[in-house]
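Welcome! Open your viewer, get ready to select residues by number, and follow along one stop at a time.

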Amino acid sequence: MQEHLTPSFDTWTSFFLLVSSLGFFLSIILSLSKNSRAANLPIILIILGFSFILIQYVFFWTKYESIYPYAYFFDSSWYLAFGPLLYSYITRFYHKTFKVKWYHFAPAIISLIINGYYLIISSGFQNLSEYKDDVLFYMFRSLTSPWLAALSLIIYLVTIKDFIAFHKENSLSQYEAIRKKWSNLVINLFLLFTLSYISYYVLVKFSFFNAHWDYAISFSMSFSIYAIGYMVYKEPSIFNGELLSNLFLKENNNQELTEVTKDEFYTELLSYIKTNKPYLDNDLRLVQLADKTGFSSHILSKLINEKAKKNFNQFINEYRLDEAKKLLIENSDTSIKTIYFDVGFNNKATFNNAFKNKFKCTPSEYKRMHLQIQDK
């Protein structure tokens with residue numbers, strides 16, 4: 001008689017269920033901002049996909065898959081999608097107009113369709129043996145093979161490295177140096193994920209492999225994916241030079257400038273801003289402005305702090321607010337939402353608060369006041 005195992009949770013499976021929940025939460029956090037959602041969609045989908053996979057693992061470990069056979073989250077399809085998703089994320093740092101073609105996702109989509117087909121006709125993969133002579137079944141077996149997923153992960157890691165090498169500059173600006181180290185960090189975390197995934201299917205063939213090895217490997221994979229998600233969440237701080245500054249950018253912070261030199265540099269900075277209006281870029285970062293003006297980010301930050309008596313965000317927002325005030329008067333028919341976005345703000349609440357602090361009234365009140373003056 002076959003032994004019947006009662007589905008149950010232990011400490012490890014409860015922990016991984018919590019980790020999966022955190023993954024869904026992180027996906028939501030990254031999706032809240034419209035700009036962040038557009039830029040980070042590939043990473044959001046990677047975290048979301050792995051969270052579903054982790055739930056499927058928990059169902060397997062706890063034996064709940066036998067009770068809920070249809071609760072299946074198509075892990076093989078997600079693994080085939082992870083490589084193209086990372087590829088589409090990394091390439092945006094090097095080529096803004098580059099788009100990953102749809103056929104990169106074709107294996108994942110085909111796998112999803114065939115998996116769904118056999119999930120339904122086999123009552124949740126309970127009686128697959130009845131279909132083993134089908135021609136389509138051979139494709140099903142091939143697409144669900146872990147080695148195909150492993151090959152896909154490796155191919156895309158190599159492809160991404162090759163793409164970065166192709167766009168390599170002979171002399172790196174500070175922004176490019178940060179971009180390179182940021183990309184390498186994300187790639188190395190994804191490499192750890194790939195090695196953990198492959199190690200499972202290698203080690204499972206040995207007699208010493210047990211559930212605790214399985215948990216340890218899953219923990220490594222979870223760490224890799226969620227570390228990527230967390231770093232993406234902190235990406236604006238990274239590119240502002242506020243987070244991991246020692247890792248991304250090493251500068252001589254002890255260098256001193258004379259007051260005359262500071263005045264000259266500050267005049268150059270103001271001239272550049274007046275002429276080029278870089279503040280209209282919604283994603284402007286300190287390191288990017290430093291790269292455009294030819295200053296180091298340390299020098300630029302110091303100039304703004306000492307000469308303008310403001311931090312970088314306050315300094316840039318001053319220009320945005322002045323531009324917004326001008327547009328509110330000149331373009332009375334334009335919506336406030338359009339205006340705040342056009343001048344570089346991404347958030348209405350931030351714009352309203354900053355405008356009220358500077359002009360002692362809301363943008364709507366300011367616009368209405370000037371319309372009344374014009375009507376008189």
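## The whole chain

Begin with everything shown: of the chain's 376 residues, 44% count as buried. Keep in mind as you look that this is a predicted model. Switch to a cartoon view, and you will find 17 helices and zero strands.

One more item for the overview concerns contacts in the chain with a separation of 6 or more: residues 24 or more positions apart account for 73% of them.

## Stop 1: two helices that cross

Two packed helices are described by the angle between their axes and the distance between the axes. Select residues 106-121, which form helix 4, and residues 135-143, which form helix 5. At what angle do the axes of helix 4 and helix 5 cross? The crossing is at roughly 120°, and the axes come within 10 Å. Helix 4 is therefore oblique to helix 5. The crossing of this pair is left-handed.

Next, show the side chains where the two helices meet. On helix 4, pick P107, I110, S111, I114, N115, Y117 and Y118. On helix 5, their partners are L136, F137, M139, F140 and L143. If you color these contact residues by type, you get ten nonpolar, two polar and no charged.

## Stop 2: a serine in helix 8

Move on to helix 8, residues 211-233, and select S218 within it. Is S218 buried or exposed? Its relative accessibility is 2%, and buried means under 20%, so S218 counts as buried.

## Stop 3: two lysines with positive phi

Finish in the loops. Select K63, in the loop between helix 2 (34-62) and helix 3 (75-91). What is phi of K63? The angle is near 70°, a positive value in a residue other than glycine. K63 has a relative accessible area of 33%, so it is partly exposed.

Then jump to K277, in the loop between helix 11 (259-276) and helix 12 (286-293). K277 is not a glycine either, yet its phi is positive, at about 50°. With 30% relative accessibility, K277 counts as partly exposed.

How values were computed:
Residues are numbered from 1 along each chain as its sequence is written. This is a predicted model: local features need pLDDT of at least 70, side-chain atom pairs count only at pLDDT 80 or more; totals for chains, interfaces and linings use all residues. Side-chain values use heavy atoms; hydrogens and water are left out. Helices (H or I, at least four residues) and strands (E, at least two) are DSSP runs, numbered from the N terminus. Buried means under 20% relative accessible area, exposed over 50%, partly exposed in between (1.4 Å probe, protein chains only). Contact means heavy atoms within 4.5 Å. Axes are lines fitted to C-alpha atoms, for helices over the stretch in contact, and angles run from 0 to 180 degrees between N-to-C directions. Angles under 35 degrees count as roughly parallel, over 145 as roughly antiparallel, 65 to 115 as roughly perpendicular and the rest as oblique. A crossing is left-handed if the near helix is turned anticlockwise from the far one by less than a right angle, and right-handed if clockwise. Ala, Val, Leu, Ile, Met, Phe, Trp, Tyr, Cys and Pro count as nonpolar, Asp, Glu, Lys and Arg as charged, and the others, Gly among them, as polar.
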